[in-house]
Each structure stands twice: as C-alpha cells, then as structure tokens.
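I opened my notebook to go through this one piece by piece. Here is what I looked up, in the order I went.

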Amino acid sequence: TGLGLSTVYGIVQQSGGHIDVVSEPGKGACFLIYFPRSPRIALVPEPGIPVEKSNAGSETLLLVEDEESLLKLGRVILEAKGYRILEATNGREALELCGSYAGPIHLLITDMVMPGMGGRRLAARLRRIRPKTRVLYISGYMNPSTEADLIPEAGTDFLQKPFTPEALVRRVREILDRD
C-alpha cells in the first residue's frame, strides 16, 4: 500500500539491483531482492580532506507522512541529528498539532500525496497559521500528468523519493540556513 513497493523498487534500481516476484493465488507473494556485490570500502577521511559539515541542528520540524514506516524512519534520521520532531500521519492531524504546539515550527516536511489533504494544500493552510514556517515537499510521484494540485509550485523545495538519509539531512540544513 502507499509508496512502499515503489520506494523499494526505486532504491533497488538506484543500487543496480533487481526484484523477482513469485506469487500464487491464495498463497501470497514472495519478493526476492538482488543487489550487486560490492567490495568493502573504508569510509575514513584522508588527512587534509575536510570532513563534511554534520548537518546537525536543534530546530523543530513537523514531519507529515501517511506511510507509517517512512514517518518513523524520517523521525529517527532527523532526531539523530539533533532536530526536535513533531509528527503527523495526515494534513488534518498536522494542522491540529500546529494549533496546539506553542513553540516555533521551523520547517514542514510533507508528503505531496496523502489521503484527505495533500501536501500543497496542507502547506497553504499552515502558512496562514505560521507564516514563517518553511516547507520541504517530498514525494515518490512526480509525473507530468499528475493533478495540478499535487505538483509543487516553481521555486519550492522538493526532494524526490527514494532519497538517502544524507540527502534528507543535507536538504533540511540547506533550507534552514537560507536567508
């Protein structure tokens, strides 16, 4: 359901692997995932080469994702970098949380496609309540034939699923550091 299979497929394809499916009516399905063999590589920086900025922060982020496993994963990744995470599984829940949370919400990270209220509509409504909150849209669906309401406006921040944890924290930090 949701983006689970398409996200897995994207990650596997991005890694040079492939998926085989064995399915029998009444017995279920078995997904076999194959990745290419990779030699172990030491990830120790060489002397004299600057280590990448940590992308850590202490800001409050509102993470809205209807796929529960992706919501939990996003929370774990961002909390590990020091961010305070508020989470919601849909737009209505996110707006209620915004109304009850007294502190600032520095960034809304929202899926574009959710039941009931999509990310674009959520962001528009949230901006009325909290005009200083920045927005990062995420989605696995970005097809030119997608409904206009689901396509982010030009100049908005967008991160295509699947993405790496490093890409997420780097993008969050870039948006929060922007003047």
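Predicted model: local features only at pLDDT ≥ 70, side-chain atom pairs only at ≥ 80, totals over all residues.

**Entry 1: a salt bridge to begin with**

I started with Arg178, which forms a salt bridge with Asp157, their closest N and O atoms lying 2.9 Å apart. This pair links distant parts of the chain, with Arg178 in the segment after helix 5 and Asp157 in strand 7, 21 residues apart. I noted what a salt bridge takes: a side-chain nitrogen of Lys or Arg within 4 Å of a carboxyl oxygen of Asp or Glu. Helices (H or I, at least four residues) and strands (E, at least two) are DSSP runs, numbered from the N terminus.

Residues are numbered from 1 along each chain as its sequence is written, and side-chain values use heavy atoms, with hydrogens and water left out.

Are the two partners buried or exposed, or in between? Arg178 counts as partly exposed, because its relative accessibility is 38%. Asp157 is at 10%, so Asp157 counts as buried. My cut-offs: buried is under 20% relative accessible area, exposed is over 50%, and partly exposed is in between (1.4 Å probe, protein chains only).

How many salt bridges does the structure hold? I found eleven.

In helix 5 (165–177), Arg173 and Asp177 sit four residues apart, about one turn of the helix. They form a salt bridge too, with the closest N and O atoms 2.8 Å apart. Arg173 is buried, since its relative accessible area is 7%. Asp177 counts as partly exposed because it has 39% relative accessibility. I also found a network: salt bridges that share partners join Asp157, Arg171, Glu174 and Arg178.

Helix 2 has a pair as well. The side chains of Arg75 and Glu79 meet in a salt bridge at 3.8 Å, N to O. Both lie in helix 2, four residues apart, which is about one turn of the helix. Arg75 is partly exposed, with a relative accessible area of 23%, and Glu79 is partly exposed with 40%.

**Entry 2: the whole chain**

I stepped back and counted five helices and seven strands in the protein chain. Read along the sequence, the pattern is α-β-β-β-α-β-α-β-α-β-β-α. Of the chain's 179 residues, 36% count as buried.

**Entry 3: strand 7**

Back to the strand that holds Asp157.

Strand 7 runs parallel to strand 6 (residues 134–139), and four bridges join them. Two strands pair if DSSP finds at least two bridges between them. One bridge I looked up has Ile138 with Leu159 as its partner in strand 7.

**Entry 4: the largest pocket**

Next I asked which residues lie nearest the centre of the largest pocket. They are Thr7, Leu70, Leu73, Ile77 and Phe163, out of 17 lining residues. Helix 1, helix 2 (68–80) and helix 5 each give two or more residues to the lining. Helix 2 gives the largest share, four residues.

For the record, a pocket is an open set of points on a 1 Å grid over the protein atoms alone, where a 1.4 Å probe fits, with protein on both sides within 12 Å along at least five of seven lines; lining residues have an atom within 4 Å of a point.

I looked up Val172, which is in helix 5. Val172 counts as buried because its relative accessibility is 0%. Val172 and Arg134 are 38 residues apart in sequence and 10.0 Å apart in space, C-alpha to C-alpha.

Leu122 lies in helix 4 (residues 119–129). Leu122 is at 0% relative accessibility, so Leu122 counts as buried.
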